[in-house]
Amino acid sequence: MKKNFKKMLAMSLACGAVFALSAPSVDASYMLNPEVKDATPALLEASEIGVLKYENPKMQNLPNKDAILVMSFGTTFKDSREKTIEATVKAIQAAHPNVKVELAFTSHIIVDRIKAKEGLDIPTPEAALQQLKKDGYTRIALCSLDVIPGMEYAYDKAIFNEYKGNFKKMTLGTSLIYWQGQEEQRDDVESALKALSTQFPEVADDEAILVMAHGTPHPANAYYAVIQDGINKMQLKNTFIYTVEGWPSLEDIIPELKAKGIKSVTLMPMMMVAGDHANNDMAGDDPDSHKSVLMKAGFKVNTYIHGLGENKAIRSLFVERANESWDMLEAK
């Protein structure tokens with residue numbers, strides 16, 4: 001394979017599985033070396049990077065009836081859901097006023113809890129796609145509200161692969177942070193950090209900002225090291241990223257804070273919503289909450305309990321990701 005990323009018009013190499021994007025602001029996916037004339041299904045699958053596209057050759061005579069399906073993990077925190085997930089979906093809908101935009105939650109547990117508590121039916125991606133198929137939609141642009149391409153994004157990709165054959169055409173956009181500036185690709189880490197930093201308070205030499213990410217057992221957990229490197233390169237003063245369920249943990253960060261003489265910290269989530277992790281794991285009063293652990297270690301602690309979806313600059317990036325999936329759906 002030849003690692004050659006280009007911004008160019010979409011060009012299928014085989015079965016519509018490897019492609020680039022059409023809009024000038026959209027970055028291409030991985031492209032096989034043109035010398036590869038007999039790419040096997042395994043090689044094609046391995047090459048599926050970036051925005052994905054599939055065209056069903058058996059359905060090309062069907063009329064176009066388009067929909068955008070936005071996939072999010074979800075939350076049972078209604079107030080935060082309205083300010084983050086629903087606000088982002090509204091922004092995507094505003095960018096595509098004449099297209100049906102649907103929301104699905106990938107957490108089946110959250111779907112069940114919302115139904116029981118609020119009587120609200122938010123479908124899973126599987127249920128949403130089954131209904132769209134029933135309603136006669138033939139082209140679907142899938143969009144993700146995930147921050148990094150970890151396990152939740154792997155779910156999104158599995159949905160794409162499982163249901164793409166049921167429609168005339170299907171695309172899948174990337175997570176908020178995907179490309180890292182390699183070769184000719186854009187740097188999603190830098191753009192996301194610029195957007196995130198719009199909510200950062202000014203910090204003195206003995207103050208720090210601790211950004212709480214989720215963490216994942218998926219190898220994509222390595223993105224957090226890249227994000228911290230981006231923080232350092234952008235000279236975002238005394239800013240550290242840590243995770244709830246991955247690496248680095250809060251315990252990994254505390255020695256760095258003490259070594260730098262930090263006395264006061266501001267905690268904020270780098271998650272789409274301010275849900276259970278933000279309100280309880282991060283800012284709760286239990287002795288094992290991050291706030292309590294830091295206070296016990298001698299730090300003054302402030303908390304910023306707002307999900308990424310409340311940040312207008314972040315929402316704009318998610319709209320861009322949705323637009324990329326839509327542009328691929330429209331590309332000839």
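Analyst: A residue counts as buried when its relative accessible area is under 20%. Please note that the model is predicted.

User: Good. Is Trp179 buried or exposed?

Analyst: Trp179 is buried, because its relative accessible area of 3% falls under the 20% limit.

User: How many aromatic pairs does the structure hold?

Analyst: The structure holds 2 aromatic pairs. In one of them, the ring centres of Tyr153 and Tyr178 are 6.2 Å apart and the planes lie at 65°, so this pair is edge-to-face.

User: Where do Tyr153 and Tyr178 sit in the chain?

Analyst: Tyr153 belongs to helix H6 (residues 151–163), whereas Tyr178 lies in the loop between strand S5 (169–172) and helix H7 (188–196). The two are 25 residues apart, and their pair links distant parts of the chain. Tyr153 is buried at 6% relative accessibility, and Tyr178 is buried at 12%.

User: What is the geometry of Tyr178 and Trp179?

Analyst: Their ring centres are 5.0 Å apart with the planes at 80°; planes over 60 degrees apart count as edge-to-face, so the pair of Tyr178 and Trp179 is edge-to-face.

User: Which residues form the aromatic cluster?

Analyst: Tyr153, Tyr178 and Trp179 form one cluster.

User: Changing topic: which ring does Lys65 lie over?

Analyst: Lys65 lies over the face of Tyr137, at 4.5 Å from the ring centre.

User: And what about Lys133?

Analyst: Lys133 lies over the face of Phe167, with a distance of 5.7 Å from the ring centre.

How values were computed:
Residues are numbered from 1 along each chain as its sequence is written. This is a predicted model: local features need pLDDT of at least 70, side-chain atom pairs count only at pLDDT 80 or more; totals for chains, interfaces and linings use all residues. Side-chain values use heavy atoms; hydrogens and water are left out. Rings of Phe, Tyr and Trp (its six-membered ring) pair if their centres lie within 6.5 Å; planes under 30 degrees apart count as stacked, over 60 as edge-to-face and the rest as tilted. Helices (H or I, at least four residues) and strands (E, at least two) are DSSP runs, numbered from the N terminus. Buried means under 20% relative accessible area, exposed over 50%, partly exposed in between (1.4 Å probe, protein chains only). A charge sits over a ring if NZ of Lys or CZ of Arg is within 6 Å of the ring centre and within 35 degrees of the ring normal.
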